[in-house]
Amino acid sequence: MKIPNLKPKYSKLDEQLTEELKAPQNTQGWWVTPEKQGIVTPQVMLELAKEKHAQTHWGVDAMVYSLKSSAVCVGMTGIVKSMVADCPICLKNNPLNWICQSNLSVIQSGCLSSNHSEWELLFCRSPVFSLPAMAS
Ligand SMILES: [Zn+2]
């Protein structure tokens, strides 16, 4: 996976995440964790996720698992989740499956630190995530 070749604009939250992950290495302006995950901004993560999803149409869990091998960001699961939720192809193919998957990944989203999953839970509980249209 390619990380865009531009200088990242990290926010305060990104910096916090970087400290939690102890990611001191700085390659061309990007922070990289000891596990070789690039710390990216949510905007970049969204682009990476879109690219990956366009090729695979994987569910949230598979997407996060795959993306996490090369990049992490603040609220990653939430970003992937809303991106997958917006995919008309996935929604059309199997909306119920999507709901089950997303519930599962809320429970399992302790992917970084306890703090981080709390943010993600907040994100998941926001009204956006009540959207799978049961009434269709
Ligand atoms: Zn899709």
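Val72 is placed in strand S4, strands being DSSP runs of E of at least two residues and helices runs of H or I of at least four, numbered from the N terminus. The model is a predicted one, in which local features require pLDDT of at least 70 and side-chain atom pairs count only at pLDDT 80 or more, while totals for chains, interfaces and linings use all residues. Residue numbers start from 1 along each chain as its sequence is written. Val72 counts as buried because 24 C-beta neighbours lie inside 10 Å; the class requires 20 or more other C-beta atoms within 10 Å of the residue's own, whereas 12 or fewer make a residue exposed and values in between make it partly exposed, with C-beta atoms placed from the backbone. The C-alpha atoms of Val72 and Asp14 are 9.8 Å apart in space, although 58 residues separate the two in sequence.

The protein comprises seven helices and four strands. From the N terminus, the order of these elements is α-β-β-β-α-α-β-α-α-α-α. Of the 136 residues in the protein, 29% are buried. Among contacts with a separation of 6 or more, 64% join residues 24 or more positions apart, a contact being a pair of residues whose C-beta atoms, placed from the backbone, lie within 7 Å.

The largest nonpolar core contains 23 residues, and Ile39, Met45, Cys73 and Val80 have the most contacts inside it. Such a core is a set of buried Ala, Val, Leu, Ile, Met, Phe, Trp, Tyr and Cys residues joined through C-beta atoms within 7 Å. At least two residues of this core are supplied by each of S2, H2, H3, strand S4 (71-72) and H4. When neighbours within four places in sequence are left aside, Ile39 is in contact with Asp14, Leu17, Thr18, Ala23, Trp30, Trp31, Thr33, Val72 and Cys73.

Helix H4 (residues 76-85) is mostly covered, with eight of its 10 residues buried. The buried residues in H4 are Met76, Thr77, Gly78, Ile79, Val80, Lys81, Ser82 and Val84.

Two helix pairs were examined for packing geometry. Two packed helices are described by the angle between their axes and the distance between the axes. The axes of H3 and H4 cross at roughly 130° and come within 9 Å; axes are lines fitted to C-alpha atoms, for helices over the stretch in contact, and angles between N-to-C directions run from 0 to 180 degrees. H3 is therefore oblique to H4, a class left for angles that are not under 35 degrees (roughly parallel), over 145 (roughly antiparallel) or 65 to 115 (roughly perpendicular). Val60, Met63, Val64 and Leu67 of H3 make the contact with Met76, Thr77, Val80, Lys81 and Val84 of H4. By class, this contact of H3 with H4 has seven nonpolar, one polar and one charged residues, where Ala, Val, Leu, Ile, Met, Phe, Trp, Tyr, Cys and Pro count as nonpolar, Asp, Glu, Lys and Arg as charged, and the others, Gly among them, as polar.

Helix H2 (residues 42-56) packs with helix H3 (residues 60-68) at an angle of about 120°, their axes lying 11 Å apart. H2 is therefore oblique to H3. H2 passes H3 in a right-handed crossing. In this pair, Leu48, Ala49, Lys52 and His53 in H2 meet Met63, Ser66 and Leu67 in H3. The contact of H2 with H3 has, by class, four nonpolar, two polar and one charged residues.

The loop between H2 and H3 contains His57, which has a positive phi of about 55° although it is not a glycine. His57 is partly exposed, since 15 other C-beta atoms lie within 10 Å. Cys87, found in the loop between H4 and helix H5 (88-93), touches His53 and His57 when residues up to four places away in sequence are not counted. Cys87 is also partly exposed, with 15 other C-beta atoms within 10 Å. The C-alpha atoms of Cys87 and Lys50 are 9.4 Å apart, for a sequence separation of 37 residues.

Lys36 also has a positive phi without being a glycine, at a value near 65°. Most residues other than glycine have a negative phi. Lys36 is located in the loop between strand S2 (30-32) and strand S3 (38-39) and counts as exposed, because 11 C-beta neighbours lie inside 10 Å.

Note on methods
A crossing is left-handed if the near helix is turned anticlockwise from the far one by less than a right angle, and right-handed if clockwise. Two residues are in contact if their C-beta atoms, placed from the backbone, lie within 7 Å.
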